Amino acid sequence: MKRHLLALAIAIPLALAGCGRDNPNATLDTRDAAKDTSGSATPGDFGPPQGEPINAILTSPPLVPPATGRTAPAKVVVNLEVKEVDMEMSEGVTYTFWTFGGTVPGSFIRVRQGDTVEFHLNNHPDSKMPHNIDLHGVTGPGGGAASTFTAPGHSSQFTFKALNAGLYVYHCATAPVGMHVANGMYGLILVEPPEGLPAVDKEFYVMQGDFYTTSKYREKGHAPFDMQRAIDENPTYVLFNGSESALTGDNALKANVGESVRMYVGNGGPNLISSFHVIGEIFDKVWFEGGTKYQENVQTTLIPAGGAAITEFRTEVPGSYVLVDHSLFRAFNKGALAIMKVEGEPNLEIYSGKEVDSTYLGDKAASLAPVADAAAAFAAGTLTKEDQVKAGEALFAGTCSTCHQPDGKGMAGVFPPLAGSDYLAKGNEALVNVVLNGLSGPVTVNGQDYNSVMPPMSQLTDDEVANILTYVKNSWGNGGGQVTKEEVARVRAGTERSEGAAH
């Protein structure tokens, strides 16, 4: 069918924008093989490229290259380098990522439908592995993988014509393919329709991936890849843009009230389907699976592994909007969480409520730099109580403050206070046991009776438990003291729990 399109004149007069506003079944695909009698190209033409070759502008996430802005197909040269680099996936946790362009996801590529793309894949001399690339926007064996097997220190080249408009995943396809993808080897290529996409105020590049490590979630130090966990499809981390901090804190996406926002969202997998959702926003349009038709007024959109979607919405009121995989344990316990901060004047007719970041943002509402600092100090043998208190304060904001409140006073008749609490006199072992294994039923604190439930927090690492409790013991008029990582490890080791409960 695609070959026939090179010879047939097909007029499908829309792209992502324009008449799509009135027709939700409108399409991105506007292939028109017509030429005028002079042989010059017309929009949608699949004839030879026009003009001088163009070097593609590649951007690192979350940035997106500018629109091509061309009215004719061109020869576009893409140079993409494979690098194997150690980077942070969580505060105090490093991982050896295999990357396209030195980032996870890889560099964003933007071309025009009908372009002839000359693709150069360069494998850095320091790489330990051969790599290749399979672009889902390519028509040809392996999507280019068959032509780009590249040893360290070598380069490969092939050429393809961008036949289909849409948003496509690319990834490494060198065996074992799943391992290469699980190490971060994926990205997005946008093939614009000939007339381009409608203008928006902000464009962002976000891509989800699942990661498999031999170490626990947020266990400090270097996290090695775990093949068995990958085969079992049991990820330690599920991340946007390769790190828990990639799109939070100072790295949060930024927009202003009244702006139109387009997100190019991909899912590298290698295993999980993403239920992509922005808390507090409704997608005006979603071009599902990166294809050519859109749905309107969407709350959550499924993005398969190896798939993509284009979402658009307009910001109406200021605040912190949270991007999640709505398989929620992935968001709040494996890292699939990002933030878009919108600034501007409130509109009380649309939304009047108060903003409580801690409810949704967890410990991402504040900087987790003290956590990484404490981990580094522990590794260097210089950890102090003050280091633990600072780290514990950052962790408490997301792990404990919703129930016990930021000031430690709890909620009268529901959650007992931690501020000035006589319960802390029970000793470190008892406190650690409560955090790891939870507490339910009647309890008396400062002479007041409570009967509620604290869930077990065994997903916390030993140092996180130690730092949170050290912070609590040294805050709000409590008597001070210190809990060590070793104490937590002893309690954890001596506690029976079901398989996987200790995370």
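Let's start with an open sheet of six strands, which has mixed pairing and the order S12-S10-S14-S19-S16-S17. Strand S12 (237-240) and strand S17 (295-298) stand at its edges with a single partner strand each, so one side of each has no neighbour in the sheet. From one strand to the next, the twist averages 25 degrees, with axes taken as lines fitted to C-alpha atoms and angles running from 0 to 180 degrees between N-to-C directions.

This is a predicted model, where local features need pLDDT of at least 70 and side-chain atom pairs count only at pLDDT 80 or more, while totals for chains, interfaces and linings use all residues. Residues are numbered from 1 along each chain as its sequence is written, and side-chain values use heavy atoms, leaving out hydrogens and water.

A strand here is a DSSP run (E, at least two residues), numbered from the N terminus, and two strands pair if DSSP finds at least two bridges between them. Glu-203 has Arg-262 in S14 as its bridge partner.

Now for strand S2, whose pairings look like this:

| Strand paired with S2 (residues 75-90) | Sense | Bridges |
|---|---|---|
| S1 (residues 54-55) | parallel | two |
| S5 (residues 116-123) | parallel | eight |
| S3 (residues 93-100) | antiparallel | eight |

Over on S3, Thr-94 stands opposite Glu-88. S2 and S3 form a hairpin with two residues between them, and Gly-92 in the turn has a positive phi of about 80 degrees.

What about the rings? The structure holds 16 aromatic pairs; rings of Phe, Tyr and Trp (its six-membered ring) pair if their centres lie within 6.5 Å, with planes under 30 degrees apart counted as stacked, over 60 as edge-to-face and the rest as tilted. Tyr-95 and Phe-97 are edge-to-face, because their centres are 5.0 Å apart and their planes at 65 degrees. Both Tyr-95 and Phe-97 are buried, meaning under 20% relative accessible area with a 1.4 Å probe and protein chains only.

Phe-108 and Tyr-264 make a tilted pair, 5.4 Å centre to centre with 55 degrees between the planes. Phe-108 lies in the loop between S3 and strand S4 (109-112) and Tyr-264 in S14, so this pair ties together parts 156 residues apart in sequence. Phe-108 counts as buried at 0% relative accessibility, and Tyr-264 counts as buried at 0% too. Elsewhere, Phe-240, Phe-276, Phe-283 and Phe-313 form one aromatic cluster.

Conventions:
Helix = DSSP H or I, 4+ residues; strand = E, 2+ residues; numbered from the N terminus. Buried < 20%, exposed > 50% of the residue type's maximum accessible area, 1.4 Å probe, protein only.
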